[in-house]
Amino acid sequence: MNKQHQTPSGPTLLKQCEDNWQTDMGAIFFGERAVLRGKDVLEELGQHHWMEYMVFAVTGRESKSLARLIEAIWVISTSYPDPRLWNNRVAALGGTTRTTGALAVTAASAVSEATTYGLKTSKGAIDLLYRFKDKIDSGHHLEELINLELKQNRVVWGYGRPLASGDERIVPLMCLARSLGCGNGPFVKLAFQIGEYLSRSRYKYQINISAVAAGLLADEGLSTNEFYYVAALSFVGGIFPCYVDAATHKEGTFFPLSTGRIKYKGSSSTRKWHTPGD
Amino acid sequence: MNEPGDNTQREQITTKIWREESEPDNPFAASACYCSGYDVYGDLLGKISLIEYIWLLFKLEPPSKTQAQLLESLAVALANPGPRDHSVRAAMNAGVGGSTRASALMAAIAVGAGNLGGSREVYTAMQYWQQCGINLEAWLEIIANPPTDERTDVWPEMEHTPGFDPHGASCPTPVKQLLAHLSALSNGGCLSWLDNNRQALEKQAEIPLTYSGVAAATFFDLGFEPEQAEIIYLFLRLPGAAAHALEQEKTGFRQYPFFANGLTLTNDPGPVARHE
């Protein structure tokens with residue numbers, strides 16, 4: 001049934017891989033050493049800052065300045081400690097129910113992969129910038145691309161923000177980025193050009209921090225996936241305080257809901273169950 | 001701040017699923033809970049099966065006897081993917097290391113959510129069903145030319161036809177048994193069509209049908225939406241993950257594969273001189 005490929009496929013491929021994982025990413029040599037991307041973790045990477053290590057792990061690049069920029073983006077854009085924010089609220093709920101810190105924080109972090117905010121927006125924003133840049137370089141006009149994006153997808157990732165009209169994080173992030181020698185690249189410029197057009201359109205969408213972060217890191221050469229990976233845990237700075245706070249309040253007191261807070265909109269009134277028939 | 005008990009100005013959770021009445025002495029405790037109009041503790045308890053209750057939660061109406069039987073059969077088939085399955089292995093890794101039991105299920109959910117044998121595959125296969133129904137020509141076309149989106153997503157792209165096993169040789173016996181059983185139960189519909197056209201689809205996909213494909217057909221036959229199918233498939237596979245995680249927790253890591261000789265580091269720099 002399987003195609004007769006040059007390379008093995010089907011069960012033949014799995015047999016070849018059984019107890020056989022070939023990798024250049026990393027491994028531990030117990031009692032001796034560990035290696036990441038061809039470098040000794042203890043001897044060559046042990047002095048790195050954590051973010052530098054993370055950037056190397058994800059991208060293979062060793063860059064203090066890139067790590068510093070990513071750290072700044074994390075602090076400014078994704079670390080708000082308000083337990084009303086949906087992902088943070090998961091951690092606060094975990095705190096109030098006295099679950100473990102790791103469970104609450106990882107669940108909240110997973111929830112940060114959202115559509116109206118968070119990771120999907122971030123990945124969508126950098127993807128948009130790369131797609132638009134390619135098309136502009138091949139002769140398309142920006143306005144035409146934006147209108148097509150809106151027509152086809154009804155959303156332009158990185159623009160507009162739920163619950164707010166503007167984004168107060170942009171100015172401080174751009175200030176910090178410029179202090180690091182960043183912020184003047186073509187992708188950041190494109191991000192703001194799109195924002196300018198959309199803010200004047202009938203949609204009145206404002207640029208949000210996702211598009212700015214995407215522009216900054218696209219200018220640093222991060223791929224769409226690399227940007228997504230380095231952003232994946234970026235919300236924990238806001239998540240942790242919400243867990244810690246709720247865990248130190250009296251249990252069960254984080255925004256309790258009385259029964260009257262449920263607004264039933266179902267069509268069925270009270271009824272009796274009968275064993276189903278065909 | 002509102003006065004206690006005054007909910008007129010308070011934000012509310014809007015739901016078509018659930019209604020509660022409060023105990024006279026405590027507005028934070030329910031005296032009765034109604035699921036789509038049925039008194040859960042005063043009426044359903046003792047009358048309704050778990051599968052019928054799950055159906056009610058998602059559909060807000062009771063299932064027919066056949067619908068409940070179909071969903072129950074699928075639930076039995078999916079309940080334990082077995083200890084070689086990726087999602088169950090994820091749960092067992094939590095078990096052998098002594099991790100929290102919740103993390104075992106979180107691991108099973110995360111790993112069992114993907115495009116290969118996971119709930120995202122069921123979601124995508126459901127979209128194929130929505131698009132093609134029981135039109136063989138449409139299926140052959142979508143298998144040959146799968147839909148693509150210019151935009152990237154947090155979900156990786158599908159690397160094989162959804163519902164089919166990219167590493168399969170021929171359709172495994174249990175998959176055929178499950179499809180035959182469900183097809184006979186459903187008495188027509190997509191499952192019977194799939195049973196009759198399985199080999200044509202497999203020939204086009206060049207890989208055999210697998211559990212996720214049968215699950216998608218069942219969910220589609222039962223009128224579930226793709227997102228409902230995605231999430232129901234996720235939790236229907238958890239019982240086995242839970243049981244295997246607990247078993248391995250007791251058995252311990254010494255009797256669990258570590259693949260000690262299975263990894264080859266292709267760029268090992270060897271020991272590096274220690275910086276004093």
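In strand 1 of chain B, B:Thr15 is the bridge partner of A:Tyr264. This pair belongs to a predicted model, and the report starts from it. Strand 5 of chain A, residues 262-264, is joined to strand 1 of chain B by three bridges, and these two strands run parallel.

**Where the chains meet**

Contacts between the chains involve 62 residues of chain B and 52 residues of chain A. On the side of chain B that touches chain A, the elements that give two or more residues include strand 1 (13-15), strand 3 (26-35), helix 1 (40-44) and helix 5 (101-111) of chain B. Strand 5 (263-265) of chain B is also one of these elements. The largest share, five residues, comes from strand 2 of chain B. By residue type, the side of chain B that touches chain A divides as follows.

| Residue type on the side of chain B that touches chain A | Number of residues |
|---|---|
| Nonpolar | 25 residues |
| Polar | 21 residues |

B:Cys35 stands opposite B:Tyr38, a residue of strand 4 of chain B.

**Chain B as a whole**

Chain B has twelve helices and five strands. Its C-alpha trace spans about 70 × 70 × 40 Å along the principal axes. Of the 276 residues in chain B, 38% are buried. Among the contacts in chain B with a separation of 6 or more, 64% are between residues 24 or more positions apart.

**Helix 3 of chain B**

Helix 3 (65-79) of chain B is another of the elements that give two or more residues to the side touching chain A. Helix 3 of chain B has 15 residues, and the distance from its first C-alpha to its last is 21 Å, close to the 21 Å expected at 1.5 Å a residue. Which residues of helix 3 of chain B are buried? They are B:Gln67, B:Ala68, B:Leu70, B:Leu71, B:Leu74, B:Ala77 and B:Leu78. The cover over the buried residues of helix 3 includes helix 2 (50-59), helix 8 (173-186), helix 10 (211-221) and helix 11 (226-236) of chain B.

**Nonpolar cores**

The largest nonpolar core has 65 residues. Those with the most contacts inside this core are B:Ala91, B:Ala108, B:Met126, B:Val214, B:Ala215, B:Ala216 and B:Ala229. Leaving aside neighbours within four places in sequence, B:Ala91 is in contact with several residues, including B:Ala104, B:Leu105, B:Ala108, B:Ala241 and B:His244. A second, separate core has 45 residues, among them A:Ala177, A:Val188, A:Tyr205 and A:Tyr228.

**A loop residue in chain A**

A:Ala114 lies in the loop between helix 5 (101-111) and helix 6 (119-137) of chain A. Why is A:Ala114 classed as partly exposed? A:Ala114 has 16 other C-beta atoms within 10 Å, and a residue counts as buried at 20 or more and as exposed at 12 or fewer. Leaving aside neighbours within four places in sequence, A:Ala114 is in contact with A:Leu119 and A:Lys120. A:Asn87 is 27 residues away from A:Ala114 along the chain, and the C-alpha atoms of the two are separated by 8.8 Å.

Note on methods: Residues are numbered from 1 along each chain as its sequence is written. Chains are lettered from A and ligands numbered from 1 in the order in which they are written. This is a predicted model: local features need pLDDT of at least 70, side-chain atom pairs count only at pLDDT 80 or more; totals for chains, interfaces and linings use all residues. Two residues are in contact if their C-beta atoms, placed from the backbone, lie within 7 Å. Helices (H or I, at least four residues) and strands (E, at least two) are DSSP runs, numbered from the N terminus. Ala, Val, Leu, Ile, Met, Phe, Trp, Tyr, Cys and Pro count as nonpolar, Asp, Glu, Lys and Arg as charged, and the others, Gly among them, as polar. Two strands pair if DSSP finds at least two bridges between them. The expected span of a helix is 1.5 Å times one less than its number of residues. A nonpolar core is a set of buried Ala, Val, Leu, Ile, Met, Phe, Trp, Tyr and Cys residues joined through C-beta atoms within 7 Å.
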